[in-house]
Amino acid sequence: MIDPISVFLLLLSASTPILFAALGELVVERAGVLNLGVEGMMIAGALAGFAAAYASGNPFLGFLVAALAGATISMLFALLTQVFLANQVASGLALTLFGLGLAAMFGKPFEGVRAPPMPMGPLRINWIVWLGLAMVPAIWWFLNRSRAGLILRGVGENHDAAHALGYGVRATRAAAVAFGGAMAGIGGAFISIATVLQWTEGMTAGAGWIALAIVVFSRWTAPGVLAGAWLFGGVTVLQLRLQAAGVDVPVQLLSMAPYLATILVLVLISARQKFSRHAGGAAPGSLGINFHALR
Amino acid sequence: MIQLVPRQGVSNGWQIATPLLAVLATMVAGGILFAIIGYDPVAAIRTIFWDPLFGPAASYSRPQLLVKAAPLILIASGLAVGFRAGIWNIGAEGQYIIGGITGAAVALALYPLEAWWLFPVMVLAGLAGGWAWGMIPALLRNWFGASEILVSLMLVYVAQRIAAWMAFGPMRNPEGMGFPGSRNLQQYPSAANPELLTGTGAHWGVVAAALAVLATWFLMSRHIRGFHLRAAGIAPRAARFAGVNPQTLVAFCLGLSGALAGAAGLFEVSGPAGQVTAQLGVGYGFTAIIVAFLGRLHPVGILLAGLLLALTYIGGELAQLTMALPAATVQVFQGMLLFFLLGFDLLTRFQIRRSIAA
């Protein structure tokens with residue numbers, strides 16, 4: 001018999017890395033920037049966080065370092081796209097490739113060692129899971145109820161208008177990218193410190209890309225991101241349960257499920273936006289377009 | 001104050017100069033990185049960029065240049081066509097894997113038949129497999145508006161798992177004593193993709209890469225479809241008013257780049273790799289993206305960029321052997337190269353002027 005509470009706890013744990021990364025990317029995209037480097041920032045956070053937790057014995061210090069590492073590496077992307085006005089798609093890809101390489105290069109000494117144990121929070125749920133859940137209303141409030149969030153959305157919807165009103169388009173965007181990097185770093189570190197408990201090369205296994213898809217699925221809202229992350233977590237847990245139950249399907253095919261589910265969800269939500277006239281929740285108006293003020 | 005003034009057009013001089021600048025900057029930054037992690041920077045750079053061509057072991061490593069460059073150039077030629085039109089196929093790695101599997105499937109199904117037509121049919125199957133895998137994101141974008149970037153990327157992970165499944169399941173060598181992996185196609189004369197001229201490393205994939213460079217050059221600069229693609233990339237709305245159907249372009253670009261990536265996979269599986277394994281995808285599909293950008297999305301540039309990145313692979317392996325440099329160094333190098341290129345690209349589109357404070 002499958003105990004529903006334990007399944008839900010597993011779901012929470014499986015969805016947390018994606019939740020952090022997707023919430024971060026949500027803020028980035030609402031500022032009008034498409035950062036495809038989520039995977040690279042996650043793996044950087046996974047390694048830096050793991051290394052710090054292992055060296056200090058304190059997992060929370062690990063998460064802090066992971067956030068810093070993610071934010072630092074994201075500044076490369078901000079520099080390229082905001083200062084050098086480089087193509088955002090290409091720059092994001094470069095960030096992912098660079099992050100994966102860098103982590104593989106510096107990660108060798110940390111292979112085969114275990115992360116320090118993570119103290120449990122209330123209800124025997126990891127503190128970082130709680131933090132992730134708390135970030136959902138916090139980011140919703142920031143985007144929809146705070147003045148800074150209004151400016152950020154303005155920059156994302158129409159950067160020329162925001163600039164004309166005197167708001168710093170590039171500074172806002174750079175700050176959003178840094179926040180996205182920190183969140184992706186925490187998400188990556190959750191995989192290495194709290195789930196797998198060790199470091200392996202390429203351990204994020206596409207989680208960053210799934211997070212990007214979930215931002216589309218959420219129709220650029222924080223509650224939507226939570227729903228997407230839980231959906232993904234549910235598919236992952238189901239797939240693992242089926243593997244454990246010894247279903248007569250090859251393991252390699254079962255493990256495709258999260259990726260296929262992501263494609264399916266992406267198709268459904270895109271179709272809804274394409275065919276429904278008042279679906280709302282479209283992408284930010286200036287998403288992926290660089291800003292250059294002539295004067 | 002320093003000010004950026006947009007140029008009227010793209011500067012041709014800087015178009016050629018920026019990739020060279022980016023390579024130089026990568027060498028300098030790479031050297032600094034090596035010094036930080038405790039290696040002699042000059043020796044490391046020389047081992048990666050010089051020794052594979054002119055060093056003591058060059059006679060072994062030189063043929064490897066074509067072996068590594070062929071898949072990169074083949075894939076990048078197709079990708080560049082799409083990138084020109086603003087259609088982002090990021091999943092060439094998946095199309096490469098599927099092309100390798102479908103191509104190998106023909107040979108494994110007909111084993112031990114010996115016939116002259118077997119290898120050409122395998123090539124067709126590889127092209128078709130890659131094409132079909134590329135058409136999935138194309139159709140999902142055309143029908144439902146789903147992002148081809150994310151769908152093609154997700155399909156890489158799916159393809160990797162199909163490769164693992166094939167290697168452990170349906171395609172496992174019945175005479176392989178239970179080890180995962182298919183029969184070795186190098187030992188199956190009709191299906192093998194051998195070195196055509198001894199000592200050059202040139203196999204059929206190299207021939208195909210050369211043809212792809214010529215064909216994409218013709219397409220992009222002499223054919224109306226190429227003109228449409230470039231127009232759609234520069235001014236999508238204008239292109240649509242001129243009667244260019246964006247859906248046709250999406251299907252064409254993803255199909256073409258998928259097919260070329262699939263062919264690259266087939267040449268690899270039947271040649272240097274020899275068999276279908278779980279590790280069929282070795283990252284050529286991602287590195288080819290860097291090749292396409294470094295080559296300025298131009299066929300001739302891609303040819304040169306493909307050779308350069310092939311050099312970093314071989315040099316990286318050499319440095320791993322002789323200097324115990326970490327294997328991931330190459331990946332870091334390639335990522336840095338793309339960073340510098342994108343940064344320096346500013347010079348092709350903007351002039352840097354000192355503005356007089358008004």
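This is a predicted model: local features need pLDDT of at least 70, side-chain atom pairs count only at pLDDT 80 or more; totals for chains, interfaces and linings use all residues.
Chain A is helical. Twelve helices and zero strands were assigned to chain A. From the N terminus on, its elements run α-α-α-α-α-α-α-α-α-α-α-α. The C-alpha atoms of chain A fill a box of roughly 60 × 45 × 35 Å along the principal axes. The radius of gyration of chain A is 19 Å. A compact globule of 295 residues would have a value near 19 Å, so the two agree.

Burial and contacts were examined next. In chain A, 56% of the 295 residues count as buried. Contacts with a separation of 6 or more were also considered. Of these contacts in chain A, 78% join residues 24 or more positions apart. The accessible surface of chain A comes to about 11,900 Å². Carbon and sulfur atoms account for 70% of that surface. Chain A carries 15 positive and 9 negative side chains. The centres of these two sets lie 12 Å apart.

The largest nonpolar core has 190 residues. Within this core, A:L23 and A:W209 have the most contacts. Helix 7 of chain B, residues 148–168, gives the most to this core, with twelve residues. Another core, of 15 residues, lies apart from the largest one. Among its members are B:A138, B:A232, B:V244 and B:L254.

The surroundings of A:L23 were listed without residues up to four places away in sequence.

Several loops show marked backbone features. In chain B, the peptide bond from B:Y111 to B:P112 is cis, with omega near 0°. B:P112 lies in the loop between helix 5 (92–110) and helix 6 (118–144) of chain B.

A:L85 is found in the loop between helix 3 (59–83) and helix 4 (88–107) of chain A. Its relative accessibility is 4%, so A:L85 counts as buried; the cut-off for buried is under 20%. A:A205 is placed in the loop between helix 8 (169–195) and helix 9 (207–217) of chain A. With a relative accessible area of 29%, A:A205 is partly exposed.

Notes. Residues are numbered from 1 along each chain as its sequence is written. Chains are lettered from A and ligands numbered from 1 in the order in which they are written. Side-chain values use heavy atoms; hydrogens and water are left out. Helices (H or I, at least four residues) and strands (E, at least two) are DSSP runs, numbered from the N terminus. The radius of gyration is taken over C-alpha atoms; the globule rule is 2.2 Å times the number of residues to the power 0.38. Buried means under 20% relative accessible area, exposed over 50%, partly exposed in between (1.4 Å probe, protein chains only). Contact means heavy atoms within 4.5 Å. Accessible areas come from the Shrake-Rupley method with a 1.4 Å probe; for residues, only the protein chains shown count as cover. Lys and Arg count as positive and Asp and Glu as negative; His and the chain ends are not counted. The place of a charge is taken as NZ of Lys, CZ of Arg, CG of Asp or CD of Glu. A nonpolar core is a set of buried Ala, Val, Leu, Ile, Met, Phe, Trp, Tyr and Cys residues joined through side-chain atoms within 4.5 Å.
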